[in-house]
Amino acid sequence: MNHEENEIVLPGEILCTYEEYTPSDWTYVDEGYVKSSIYGRVSVDDVEKTISVISRNAPKQIKVGDTVIGYVTDVKAHKVLITIKKIMGSNRELVAAYKGYIHISKVSDGYNSTVYDLFKIGDIVEAEVNSILGPEYIELSTLQDNLGVIKAMCVNCRKYMKLNKKHVLECECGTIDSRKLSSKYGEYIDESY
């Protein structure tokens with residue numbers, strides 16, 4: 001081990017080999033070494049055989065149960081790929097570029113044969129974190145009514161669509177479309193996603 005318990009480390013510093021300890025909070029594996037991803041103090045758990053870095057000013061990490069906002073980057077027949085940009089309730093942006101997905105079984109309670117009509121590339125989505133297997137593999141869910149698409153992008157002109165009086169998505173170019181809408185659709189004004 002290169003660093004002792006409570007020792008201060010900088011981002012990128014080697015803490016130990018992957019064989020010695022498993023990476024935990026604010027650490028990652030690079031070429032067989034566990035490295036620090038932030039400035040902070042080393043914390044070792046000899047029972048669980050994990051090593052982490054602790055900091056008072058550490059950005060918030062995604063946890064199971066968190067509600068997150070992201071945008072759709074790809075739509076497959078049975079899953080939607082999401083780039084996660086923000087954790088609800090946190091004003092700080094995420095440090096890492098988290099990638100998540102919503103499986104067709106986690107979209108809504110009803111039967112869906114495909115997700116092509118429920119999400120489109122560029123849509124802004126609010127979802128709940130179901131499980132985390134790594135920064136590139138976060139399972140999300142939109143089963144609740146208040147989760148789903150909060151801003152839908154028109155497939156023709158790429159502008160955001162509005163709900164008309166009949167509660168149908170309509171774009172100023174005349175396109176009418178459908179999505180798995182959140183009950184909060186249209187409440188978000190922030191365009192920085």
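Colleague: Are Asp123 and Arg179 buried or exposed?
Modeller: The model is predicted, with local features requiring pLDDT of at least 70, side-chain atom pairs counted only at pLDDT 80 or more, and totals for chains, interfaces and linings using all residues. Residues are numbered from 1 along each chain as its sequence is written, and side-chain values use heavy atoms, leaving out hydrogens and water. Buried means under 20% relative accessible area, exposed over 50%, and partly exposed in between (1.4 Å probe, protein chains only). In these terms, Asp123 and Arg179 are both buried.

Colleague: How far apart are the closest N and O atoms of Asp123 and Arg179?
Modeller: The two residues form a salt bridge, that is, a side-chain nitrogen of Lys or Arg within 4 Å of a carboxyl oxygen of Asp or Glu. Their closest N and O atoms are separated by 2.6 Å.

Colleague: Which residues make up the salt-bridge network that includes Arg179?
Modeller: Arg179, buried at a relative accessible area of 9%, also meets Asp177 in a salt bridge of 3.0 Å, N to O. Asp177 counts as buried because its relative accessibility is 19%. Through shared partners, the salt bridges form one network of Asp123, Asp177 and Arg179.

Colleague: How many salt bridges does the structure hold?
Modeller: Side chains of opposite charge can pair when their charged atoms come close. The number of salt bridges in the structure is six.

Colleague: Which backbone oxygen does the side chain of His3 reach?
Modeller: His3 lies in the segment before β1 (8–9) and counts as buried because its relative accessibility is 9%. Its side chain makes a polar contact of 2.9 Å with the side chain of Glu13, a polar contact being a pair of N or O atoms within 3.5 Å, one able to donate a hydrogen and the other to accept it. At 3.3 Å, the side chain of His3 also reaches the backbone oxygen of Ile14.

Colleague: Which residues gather in a patch of negative charge on the surface?
Modeller: Patch residues have over 30% relative accessible area and no salt bridge, with like charges joined within 9 Å. One member, Asp46, sits in the loop between β6 (40–45) and β7 (50–54). The patch gathers Glu4, Glu5, Glu7 and Asp46.

Notes
Patch = residues over 30% accessible without salt bridge, like charges linked within 9 Å, V, L, I, M, F, W, Y side chains within 5 Å. Areas by Shrake-Rupley, 256 points an atom, 1.4 Å probe, with all protein chains shown as cover. Lys, Arg positive; Asp, Glu negative; His and termini not counted. Charge placed at Lys NZ, Arg CZ, Asp CG, Glu CD. Helix = DSSP H or I, 4+ residues; strand = E, 2+ residues; numbered from the N terminus.
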